[in-house]
Amino acid sequence: MKKQKENEMREAPYELILEGLASQHPDAKPELDFTSPYELLIATILSAQCTDKQVNKVTPALFAAYPAPCDMAKAEPEEIEPYIRSCGFYHNKAKNIVSACRDIAERFGGEVPDNREGLESLAGVGRKTANVVLSNAFGVPAIAVDTHVFRVSNRLGLASAKTVEETERQLMRNIPEDKWSIAHHWLIFHGRRVCSAQRPKCAECMVRELCREYSNRKDKEDK
Ligand code: SF4
């Protein structure tokens with residue numbers, strides 16, 4: 001009986017899970033404020049180990065002082081540190097931001113590259129940041145796996161992976177490509193609002209009947 005249950009859960013109705021997440025979070029969207037690929041790139045670099053809300057507080061003044069990559073490229077990291085101090089790790093972030101903008105100015109004609117290879121060649125830009133910029137600034141389907149996406153997708157059974165890389169691969173396999181970008185936002189919203197790390201609010205969760213973690217917990221309680 002237990003085996004049968006496991007098999008049923010393994011064949012998770014991904015479409016239904018996605019529909020449920022869409023119903024619960026119809027307002028899902030990027031929470032970083034930006035008006036251009038440049039602004040999104042810088043905001044995403046700043047958001048490491050920092051809340052989007054805090055990043056949104058500092059970026060208006062930063063972008064007013066340095067409106068384009070070529071402006072930022074001329075700055076010294078110490079000059080931008082005062083703008084971003086409250087985002088944490090400001091020393092490293094300032095160095096990466098200036099270095100990335102110098103690369104953009106010198107190697108990409110002052111425009112943020114619209115492809116993964118170019119983005120990942122910039123200082124401070126890993127796969128996750130590249131995915132965020134590709135999907136939200138350039139409309140390229142991508143799934144950025146952050147801590148929320150990793151936790152929620154593995155709890156739900158949309159993925160069964162131990163690493164971020166494998167989770168991304170499985171999500172790309174299990175979710176239709178035209179939903180990759182919005183699914184990323186659904187999973188983040190769900191992680192922030194409902195399926196928190198320590199105290200998931202399963203009673204409020206619209207996909208609990210489809211959730212592998214919830215099913216496993218119920219099985220344990222029933223024993
Ligand atoms: S049922 Fe609970 S564990 Fe599963 S996704 Fe919902 S909140 Fe998270």
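Predicted model: local features only at pLDDT ≥ 70, side-chain atom pairs only at ≥ 80, totals over all residues.

Biologist: Got it. How many nonpolar, polar and charged residues are in the shell around the ligand, then?
Modeller: That shell has 10 nonpolar residues and four charged ones, with no polar residues.

Biologist: And which residues are the closest to the ligand?
Modeller: The closest are C195, C202, C205, R208 and C211, out of 14 residues that surround the ligand. Two elements give two or more residues to the shell, namely α10 (147–156) and α13 (212–222).

Biologist: Which element gives the most?
Modeller: That would be α10, with three residues in the shell around the ligand.

Biologist: Let me zoom out. How many helices and strands does the protein have?
Modeller: The secondary structure comes to 13 helices and zero strands. The C-alpha trace spans about 65 × 30 × 30 Å along its principal axes.

Biologist: What about domains, where do they run?
Modeller: The domain assignment gives domain 1 as 2–28 + 144–222 and domain 2 as 37–111. Their C-alpha centres lie 33 Å apart.

Biologist: What share of the residues is buried?
Modeller: Buried residues make up 39% of the 223 residues in the protein. As for contacts with a separation of 6 or more, 59% of them are between residues 24 or more positions apart.

Biologist: Is I17 buried or exposed, and why?
Modeller: I17 counts as buried because 23 C-beta neighbours lie inside 10 Å.

Biologist: Nice. Now helices α4 and α6, how do their axes cross?
Modeller: The axes of α4 (residues 52–65) and α6 (residues 77–84) come within 9 Å and cross at roughly 150 degrees. Angles over 145 degrees count as roughly antiparallel, so α4 and α6 are roughly antiparallel to each other.

Biologist: Which residues make that contact?
Modeller: From α4 there are V58, A61, L62 and A65, and α6 brings I80, Y83 and I84. By class, the residues of this contact are seven nonpolar, with no polar and no charged ones.

Biologist: Changing topic: where is N96 found, and what is N96 in contact with?
Modeller: N96 is found in helix α7 (residues 90–107). Leaving aside neighbours within four places in sequence, N96 is in contact with I45, A123 and G124. N96 is buried, since 20 other C-beta atoms lie within 10 Å.

Biologist: What about the backbone, what is phi of Q49?
Modeller: Phi of Q49 is near 60 degrees, a positive value in a residue other than glycine. For background, most residues other than glycine have a negative phi. Q49 lies in the loop between α3 (37–46) and α4, and counts as exposed because it has 9 C-beta neighbours inside 10 Å.

Biologist: And F89, what is its phi?
Modeller: F89 has a positive phi of about 50 degrees, although F89 is not a glycine. F89 is found in the loop between α6 and α7. With 13 C-beta neighbours inside 10 Å, F89 counts as partly exposed.

Biologist: Last one, where is R127?
Modeller: R127 is in helix α9 (residues 127–138). R127 is partly exposed, as 16 other C-beta atoms lie within 10 Å. The C-alpha atoms of R127 and R102 are separated by 20 Å, and the two residues are 25 apart along the chain.

How values were computed
Residues numbered from 1 in each chain as written. Near = placed C-beta within 6 Å. Helix = DSSP H or I, 4+ residues; strand = E, 2+ residues; numbered from the N terminus. Nonpolar A, V, L, I, M, F, W, Y, C, P; charged D, E, K, R; others polar. Domains from an automatic or database assignment. Axes fitted to C-alpha atoms, helices over the stretch in contact; angles between N-to-C directions. Parallel < 35°, antiparallel > 145°, perpendicular 65-115°, else oblique. Contact = placed C-beta atoms within 7 Å. Buried ≥ 20, exposed ≤ 12 C-beta atoms within 10 Å, placed from the backbone.
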